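The exercises below ask you to read helix packing, a chain interface and model confidence from one structure. Work through each task before turning to its solution.

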Amino acid sequence: MKCEGYRDKLIAALASGESSPADDVAAHLRTCAECKKFYEAHVHLFGAIDSGVRAMVNEAVPASLLSEVRERMEEVQAARANWKLSWSVAGLAAAVVLVAVGFMARRGPRPTAVPLETVASARPTSEKITRVLAPEKAVHPVVRWSHRTRGEPFSNPESVTSSPEVLVPAEERAGYEQYIRTIRVGNKALAKDANFTDPIEIAPQEIAQLQIKKLELTSITEETQE
Amino acid sequence: MRELVLIQPGRVLEGPSERESESCRAHREFEERLAECGPLAFRVAYGVLRHSADAEDVAQEALLKAYRNFSRLRESARFRGWLVRIAFRMALDRWRSVKRRERREAGWTGAEQRASGPTAEEVAVSSEFQARLERAMAELPEKFRLVLLLAGIQGYTLEEVSGMLGIPMGTVKSRLFFARKQLAEKLR
């Protein structure tokens, strides 16, 4: 074996922490001065490495380390306690809010204030009311929505077979039609489907013919004489 | 006369008082380990940073991090290895940030100025060699470096390092061998 091979073995043995080289290597060291010099240099090098590493890690521990850690542990404990307390308060507040919301929801929405003019105009009148019939399949959007409950999907207008009727005073009919068209802006199909039929029964107002008697002309003087 | 005990059916085992006692138990258990593991965390951090104040700071942070998450540790036997890894990782992060800062600041000459003062063993080896050794160690793979540092701590055998890191004894020896060999090649 050449010197190079022995030197590799030497380094491996030193890196493994072996105290003395193997027998064959030791025999070579006795005969080769260069390898012996190499071995001694590396024994010193590995010793210095070990001493250096030990010096790195065996520094005296500061006396303040544990006491400061304990102080900070107490702070963590206190913060945890505060955190738990604040979450308990927050949970309690959330529960109160939920109960209040549930109570309000059960009471139902407040009736909205109606202007006096509207109330006055909504009085039943003796006028004739025009009857407007929605077509058989085209469903009035307001009526359709009124049947839908929360969480239920929109029903297909085609599948609804009812033909709801809307009673509209004759004088308000044009306005009502306009209203239906304007509130459904963006849903032109529905607006188009809102097909209003003519009134099915319009009772013509019969007015008795006036009878006008012919005027008889008499003189004033005759009347005064009589 | 028979004694009757009132039992609350609605009461569950994991009530607030049980949780409280669990927390106290974890606190007490951690406190018991602190005396042994605090210095270990400091030494690992110092082995990386070579600066006493920085190492103390990192050791404190590592211990607090371990304390906060102590209840999540399933096997308490692995506490030391867990803490060592936390301290080592945090020390490496700190070391990298220190190096970045050093590169930014002109005139900052290196680790020798950061050392807190020579120890008895530092006097034994020359400061020049020590500086070269520190640079060579910084270039080692992290797993080799950690094993080398732990094996260098007084009072810890290779078996203990193996148990601490949860790796076989053969792996510890192999890592130590390659670490020392690489250092020798760099410092030759």
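**Exercise 1: a helix pair within chain A**

The axes of helix α1 (residues 3–15) of chain A and α3(A) cross at roughly 20° and come within 10 Å, where helices (H or I, at least four residues) are DSSP runs numbered from the N terminus, and axes are lines fitted to C-alpha atoms over the stretch in contact, with angles from 0 to 180 degrees between N-to-C directions. This is a predicted model, in which local features need pLDDT of at least 70 and side-chain atom pairs count only at pLDDT 80 or more, while totals for chains, interfaces and linings use all residues. Residues are numbered from 1 along each chain as its sequence is written, and chains are lettered from A and ligands numbered from 1 in the order in which they are written.

Task: classify the crossing of α1(A) with α3(A), and list the residues that meet.

Solution. The angle makes α1(A) roughly parallel to α3(A), because angles under 35 degrees count as roughly parallel, over 145 as roughly antiparallel, 65 to 115 as roughly perpendicular and the rest as oblique. Next, from α1(A), the residues A:Cys3, A:Tyr6, A:Arg7, A:Leu10, A:Ile11 and A:Leu14 meet A:Glu34, A:Cys35, A:Phe38, A:Tyr39, A:His42, A:Val43 and A:Phe46 of α3(A), a contact being C-beta atoms, placed from the backbone, within 7 Å.

**Exercise 2: a helix pair between chains**

Task: describe how α3(A) packs against helix α7 (residues 142–152) of chain B.

Solution. The two axes lie 8 Å apart, at an angle of about 80°, which makes α3(A) roughly perpendicular to α7(B). On the side of α3(A), the residues are A:Val53, A:Arg54, A:Met56 and A:Val57, and they meet B:Leu148, B:Leu149 and B:Gly152 in α7(B).

**Exercise 3: the wider interface**

Task: which helix of chain A gives the most to the side that touches chain B?

Solution. Begin with the totals, in which 27 residues of chain A are in contact with 38 residues of chain B. Of the helices in chain A, α1, α3 and α4 (64–107) each supply at least two residues of that side, and α3(A) gives the most, with 12 residues.

**Exercise 4: confidence**

Task: where in chain A is confidence lowest, and where is it highest?

Solution. Confidence is lowest in helix α6 (residues 141–147) of chain A, at a mean of 45, and highest in helix α3 (residues 33–57) of chain A, at 90. Over residues 136–148 of chain A the pLDDT is below 50, and this stretch has 22 contacts in the model beyond near neighbours in sequence.

Key. pLDDT is the predictor's confidence in each residue, from 0 to 100. Two residues are in contact if their C-beta atoms, placed from the backbone, lie within 7 Å.
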